[in-house]
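Here's a quick tour of a protein model. Have a look at it first, then we'll go through its parts.

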Amino acid sequence: MNLLSMDCEEIFQKLACGAKFRRLGPKNPKKDCQSPDYGAPAGKIRKVRQVKDENCRGNDETRPLSDDSDVEKDHAEEKSITYKDTLADKSNKKDMVDHLRKSMKISTAGQSVPKPFESFEELISDYNISRKLVQNILNFGFTKPTPVQMQAIPCMLQGRQVLACAPTGSGKTAAFLIPVIHALGGPKKQGFRAVIVSPTRELAKQTFRECIRLCEGSNLRTHIISKVGNASEKYGPNSSQKFDILITTPNRLVYMLEQDPPAVSLKSVEWLIVDEADKLFEVGPRGFRDQLAAIYVACDSDSVKRAMFSATYSTHVAKWCRRNLKKVISVTVGHRNTAAEDVQQDLLFVGNEEGKLIAIRNLVKQGLASPVLVFVQSKERAQELFEELLYDGLNIDVIHADRTQLQRDNTVRAFREGKIWILICTELMGRGIDFKGVNTVINYDFPLSAVSYIHRIGRTGRAGRTGRAVTFFTTEDTPHLRSIATVMKDSGCDVPEYMLKLKRPKKTDRQKLEYIAPERKKISTVPSYEKFKLHKEKVKKINRRLRKKGKRGISMMPEKKVIHQSGLAKKYYSKHYNINTKKHKKSCKTEEESMLAVED
Ligand SMILES: Nc1ncnc2c1ncn2[C@@H]1O[C@H](COP(=O)(O)OP(=O)(O)OP(=O)(O)O)[C@@H](O)[C@H]1O
């Protein structure tokens, strides 16, 4: 028995195990102090008894005095009852808390973890949260806290550092925003006092919007860095310092910190929140470990506290938190690294790349519940698929890192407003993005890891809604099928047994796949030889025209891809391809190249 790891209550229970305690009570109990309420639950009986004992104590004072030793004995006995009742009460409360955690699938680790709360109004009495903040929460339509909010909010309100892991769409954003807003209280002229780091600008913007709504009436000033160019003027040492919360991506913040002098100071930061912590802890080109380290070092106030949130658990993050965050509390909801339970998940064998196009068109024909998010593995493939489906009469658009920020913002807005039904995207949209009511997620390209799968399909089935996820797989994807099938099985979906028994790929192969996406054939229904035939005919036609004019013909293989120059095409290309047509015109060596482009 490890006594060190138990609190005094548990030690008492262990030591008292099997011992019989004499039920002590006042010597001449009054009638109303006698009958225990057998119908009430144990907790209630004890409460009632305690109240009655207190009544009896009051009566004892008016009781005729017996001899002194009797009185002392009575007092000793009463003390003993109160002590045992308090212990019993405590153990009862603990049972209730344990029961609540169990029913909400909350598990915790750490010392003296505060109890979860059950309604936002409780926060007013228990933690002195302002009524206005609670009103803002209720205005959002949040009537009850989600499990992660139930447990993480009290921890952070007590100033404890937190590592929280809860399913996608379970309200983690509000779970960190509410305690941060409460901790900051009102506006101050000290510079930023809270920093929230998100992996993508889209997610940062979404968090910014939620923060603004929750801050209403508090006068706190929330900022998101849109232009790093004038950041020094706005946030630097000579600025007014009238800002409180900063929501940013790691790269932008690090860029500002690296200016000389730094364009922003994080010395007054009281809360550093890392959203999608496992992503930000990743090393390599897709991760942000170095940037996060720089931000961590810059927040150097003695009182700074950190909180990490994510839907997927990483042992790296957990180890780091245990080592570096004093008295950290770990909060986990549900099983680690499982998909949201409200998503109906299907795997669809499509054979090869051509099969994928047929499959997606079939799904549309059969009737897809829109809005739909379609995930592909790269920006090039996103563009290819978009071009392929553009003329199918679907309300479709594409978003990836090569599109300008304005285009990205417009696309996201149009999708949110329901103007776009199908949005093709890359991993950029895989994390954190909360599109209300996404009904279907299609993994057109097989996800590169189980973690990526969990986040991608987590864009649907959010906040208690249901959703559907369809994952295409080809013959080449089968070696990696097992991990996705396991995630599906863990979240209650039916999966063919053979998939779970497939050979596990080597760890090195799995890791390699996470960094380097497999090569896939170009997305196109027109076979390449057909395309080349068309191209050849066009070149011949142009050359005939040129030779008539006595000019030299053009080569069959132009060195540079050329584009349409008509007004309509210009608009189309600048919107969808982010191509500056003027610059591109210059890049065309000859007039003929442009002509070819017009006909292409
Ligand atoms: N207590 C609540 N009651 C009802 N809805 C809520 C509650 N808290 C948050 N929501 C809603 O749930 C949705 C998902 O919340 P949020 O984006 O914070 O999820 P998340 O856990 O951060 O997901 P992800 O892991 O994908 O980032 C949002 O639309 C949010 O408004």
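In which sense do strand E2 and strand E8 pair, and over how many bridges? E2 (residues 162-165) and E8 (residues 329-333) run in the parallel sense, paired over four bridges. Two strands count as paired if DSSP finds at least two bridges between them, and helices (H or I, at least four residues) and strands (E, at least two) are DSSP runs, numbered from the N terminus.

**Before you dig in**
- This is a predicted model: local features need pLDDT of at least 70, side-chain atom pairs count only at pLDDT 80 or more, and totals for chains, interfaces and linings use all residues.
- Residues are numbered from 1 along each chain as its sequence is written.

**The overall picture**
- The protein has 24 helices and 14 strands.
- Of its 600 residues, 35% are buried, meaning that 20 or more other C-beta atoms lie within 10 Å of a residue's own, with C-beta atoms placed from the backbone.

**The eight-stranded sheet**
- Eight strands make an open sheet with mixed pairing, in the order E1-E8-E2-E7-E6-E3-E5-E4.
- Strand E1 (106-109) and strand E4 (222-224) are its edges, each pairing on one side only.

**The strands around E13**
- Strand E13 (residues 440-443) points Thr440 and Ile442 one way and Val441 and Asn443 the other, and all are buried.
- E13 pairs in the parallel sense with strand E10 (residues 372-375), over four bridges, and valine 372 stands opposite threonine 440.
- E13 also pairs in the parallel sense with strand E14 (residues 467-474), again over four bridges, and isoleucine 442 faces valine 470 there.

**The nonpolar core**
- In soluble globular proteins, nonpolar side chains tend to be buried together.
- A nonpolar core here is a set of buried Ala, Val, Leu, Ile, Met, Phe, Trp, Tyr and Cys residues joined through C-beta atoms within 7 Å.
- The largest one has 119 residues, and Val162, Ala164, Val374, Ile424 and Cys425 touch the most other members.
- Helix H7 (residues 172-184) gives this core its largest share, seven residues.
- Leaving out residues up to four places away in sequence, cysteine 425 touches Leu373, Val374, Phe375, Ala382, Ile399 and His400.

Note on methods:
Buried ≥ 20, exposed ≤ 12 C-beta atoms within 10 Å, placed from the backbone. Contact = placed C-beta atoms within 7 Å.
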